[in-house]
Amino acid sequence: MKFTILRDQLINSVQDVMKAISSRTTIPILTGMKIEAKHHGITLTGSDSDISIESYIPAEEDGIVNVENIEEGSIVLHAKYFPDIVRKLPEQHVEITVDENLKVTIRSGKAEFNLNGQDAEEYPQLPKLQTDDSFEIPTDILKSLIKQTVFAVSTMETRPILTGVNISLVDDQLKFTATDSHRLASREVPVNSSNVQIQSIVVPGKSLNELNKILDDTEETVEISVTNNQILFRTKHLYFLSRILDGNYPETSRLIPEQSKTVLHVKTKELISSIDRASLLAREERNNVVKLSTLNNNVLEITSNSPEVGRVSEELNVVSIEGEELKISFSSKYMLDALKVMDVDEVKVDFTGAMRPFIIRPVNDPSMLQLILPVRTY
């Protein structure tokens, strides 16, 4: 195998593929990165038991030659050293050669590295998902769906199903839901799914986080395909495969209160800043509790009290307050996480009492929802 490649292209692909490679895998060859050279381009592959990523570099695209002098072949390189070598090479072009004894030579300018490779035949074949159940979604919408839900997954392995995001596609409505049983985030968007129906699958939050980092905003759409135990996200140059979690996701719709007793309309940035300030003195405690009380004339009082540290209180003018008087305590971290992914100027917060979950939504957009359970402070 032999080829000459633009270093920047190689660095980008290597960084993407590295996100699937774990040093703690039980299959030794998976600590390596597979490189396959064909006349039309180079494919890099990385995998652990949860996710597999393939990144493709076409030999030529849009009139730019990325790879030349290609002699076909494949090799597995140790992922611990190869990325650092590529990053520090002196010139724009990199020549990679493999001889029949799997010895790899990497040259750039006057620098030359010799590495021992492994036989690519021993690398597990990635399953090629061919299903009729696939649909396309714009990349930016997929990224916002992930960003607005994945932060709410559980980090506790006691209920593994909650470490994933629940995805359903029914009647052209794609819905992402995540909960750790103290809070819930959900968002739905219309998609043109050409009659594909996905009742409920749960994709590990870790997989979606990695996917979100790799997806390039320049890619226009992502094709999503699902089989019974895997989900594939595919763009022109990327093939991202993740396992699906086993088990049934809890029925979350019954957590969402039907009616509310107190409704706030408030500017998002102002509420974020105010809660952020109140949480400065609440950091020591386990759940950073902040207390919110409604006053007259559309004013909120936001306070936090930490016996060892001190107390903070602030009055905040809001757009409107309707309904009953309210005093409620909640985790400032959960509240800030929810508000920061909203991307809207004004939010509506629905309360149904001091000990009931409350809901945050963008004003005029019921498709996104954040639910938070209050904290008992007495």
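How many salt bridges does a search of the whole structure find? The count comes to 19, where a salt bridge is a side-chain nitrogen of Lys or Arg within 4 Å of a carboxyl oxygen of Asp or Glu. Side chains of opposite charge can pair when their charged atoms come close. The model is a predicted one, in which local features need pLDDT of at least 70 and side-chain atom pairs count only at pLDDT 80 or more, while totals for chains, interfaces and linings use all residues. Residues are numbered from 1 along each chain as its sequence is written, and side-chain values use heavy atoms, with hydrogens and water left out.

First, the overall layout. The protein chain has six helices and 28 strands; these are DSSP runs numbered from the N terminus, with helices being H or I of at least four residues and strands being E of at least two. Taken along the principal axes, the box filled by the C-alpha atoms is roughly 80 × 50 × 40 Å. Of the 378 residues, 53% count as buried (buried is under 20% relative accessible area, exposed is over 50%, and partly exposed is in between, with a 1.4 Å probe and protein chains only). Taking contacts (heavy atoms within 4.5 Å) between residues at least 6 apart in sequence, 65% join residues at least 24 apart.

Residues 1–127 are 14% helix and 47% strand, with end C-alpha atoms 24 Å apart. For residues 136–251 the figures are 16% helix and 42% strand, and the ends sit 27 Å apart.

Back to the charged pairs. Arg-243 forms a salt bridge with Asp-50, with 2.4 Å between the closest N and O atoms. Since Arg-243 lies in strand S19 (residues 238–243) and Asp-50 in the loop between strands S3 (41–47) and S4 (51–58), the pair ties together parts that are 193 residues apart in sequence. Arg-243 itself is partly exposed, at 32% relative accessibility.

Lys-267 and Glu-346 also meet in a salt bridge, at 3.2 Å from N to O. Here the partners are in strand S20 (residues 262–267) and strand S26 (residues 346–351), so parts 79 residues apart in sequence are tied together. Lys-267 counts as partly exposed, with a relative accessible area of 36%.

Asp-217 is in the loop between helix H4 (205–214) and strand S17 (221–226), and Lys-143 is in helix H3 (residues 139–147), 74 residues away. Asp-217 is exposed at 61% relative accessibility, whereas Lys-143 is buried at 18%.

H3 and H4 also pack against each other. Their axes come within 10 Å and cross at roughly 140 degrees; axes are lines fitted to C-alpha atoms, for helices over the stretch in contact, and angles run from 0 to 180 degrees between N-to-C directions. That makes H3 oblique to H4 (under 35 degrees is roughly parallel, over 145 roughly antiparallel, 65 to 115 roughly perpendicular, and the rest oblique). Leu-142, Lys-143, Ile-146 and Lys-147 of H3 make the contact with Leu-208, Leu-211 and Asn-212 of H4.
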